[in-house]
Amino acid sequence: MSRSRLSNNLEKKAIHNIILVIVGFLIIIGIAIFFGYKLLVGFSLLAEKSQGSDNTTANQQNNTYIAPPTLNTAATATNSAQIAISGYAQKNQTINLYLNDDMVDTTSVDSNGKFSFPSVTLKQGQNSITAKTDINNKESGPSNTLSITYSKSAPGLSIDKPQDGQTISKNDSPTFNIEGKTDIGNQVTVNGFWAIVDDQGNYNYLYTLQNGDNDIKVVATDQAGNQTTKEIHIHVQ
């Protein structure tokens, strides 16, 4: 009888302990779910905020960036004080033109994305030309740079051989070398034909002698288009 009562008591304790364990597990699971959900929501909000901040920064950068224009290529040297400059950019924008870092003119981009400055006044010597896009008084970075030399100076030229008025015997040779010097980088013609010019500006041309008087015209032309002309007369007998 006492043993049966003892067995019942042990069984009740076992059931009670099982119930306590189950309740404990349920409480632990509930706590994990509750706080885990909060942590997940907090992490999600943090990630969303970070992404939003990145997007805002990117949008701010896009809003502050102004694309510079592009200038079309032009002659690197000229003997004209006025030159036309053209280029392209985003349509309906304002373009500021700079000459040697000084703003000299402003124009608008047309609906085709093109702009032009038909008459830019150059300064004697080297000229550096750039352009910038202007939006609400905020400028872009500079465009590509055009380097243009403006010169009105006549190129140097000498005829060293033969001498003006010299008499030459055709029996010596049917040809004669015309020789002289000009500035480095110039081109030389003798009676309209190209002479050979070395990197020091020395030129020569093999001239075919004609009986009697020979008129020889030498022209030196620099990169800006300036010319110097000299003539000599030799007699062949």
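This is a predicted model: local features need pLDDT of at least 70, side-chain atom pairs count only at pLDDT 80 or more; totals for chains, interfaces and linings use all residues.
Student: Let's start with the aromatic pairs. How many does the structure hold?

Tutor: There are two aromatic pairs. One joins Phe115 and Phe117, whose ring centres are 6.0 Å apart.

Student: Why is the pair of Phe193 and Tyr205 called stacked?

Tutor: The cut-off for stacked is planes under 30 degrees apart. The planes of Phe193 and Tyr205 lie at 15°, with ring centres 6.4 Å apart, so this pair is stacked. Phe193 lies in strand 14 and Tyr205 in strand 16, so the pair ties together parts that are twelve residues apart in sequence.

Student: Is Phe193 buried or exposed, and what about Tyr205?

Tutor: Exposed means over 50%, so Phe193 is exposed at 52%. Tyr205 has 19% relative accessibility, so it counts as buried under the 20% limit.

Student: Where does strand 14 sit in its sheet?

Tutor: The open sheet has five strands in the order 11-18-17-13-14, with mixed pairing. Strand 14 (193-194) is an edge strand, as is strand 11 (167-168): each pairs on one side only.

Student: How do you know that strand 11 pairs with strand 18?

Tutor: At least two bridges are needed for a pair, and two bridges join strand 11 to strand 18, which run parallel. Ile168 stands opposite Val236 in strand 18.

Student: Which residues have the most contacts inside the largest nonpolar core?

Tutor: That core has 18 residues, and the ones with the most contacts inside it include Ile178, Val190 and Ile216. Strand 17 (212-221) and strand 18 are among the strands that each supply at least two of its residues. Ile216 is in contact with Ile178, Val190 and Ile234, among others, leaving aside neighbours within four places in sequence.

Student: One more: what makes the link between the side chains of Thr221 and Gln227 a polar contact?

Tutor: The distance limit is 3.5 Å, and the contact between these side chains is 3.1 Å. Thr221 is found in strand 17.

Conventions
Residues are numbered from 1 along each chain as its sequence is written. Side-chain values use heavy atoms; hydrogens and water are left out. Helices (H or I, at least four residues) and strands (E, at least two) are DSSP runs, numbered from the N terminus. A nonpolar core is a set of buried Ala, Val, Leu, Ile, Met, Phe, Trp, Tyr and Cys residues joined through side-chain atoms within 4.5 Å. Buried means under 20% relative accessible area, exposed over 50%, partly exposed in between (1.4 Å probe, protein chains only). Contact means heavy atoms within 4.5 Å. A polar contact is a pair of N or O atoms within 3.5 Å; within protein, one must be able to donate a hydrogen and the other to accept it, and residues adjacent in sequence count only if both atoms are side-chain atoms. Rings of Phe, Tyr and Trp (its six-membered ring) pair if their centres lie within 6.5 Å; planes under 30 degrees apart count as stacked, over 60 as edge-to-face and the rest as tilted.
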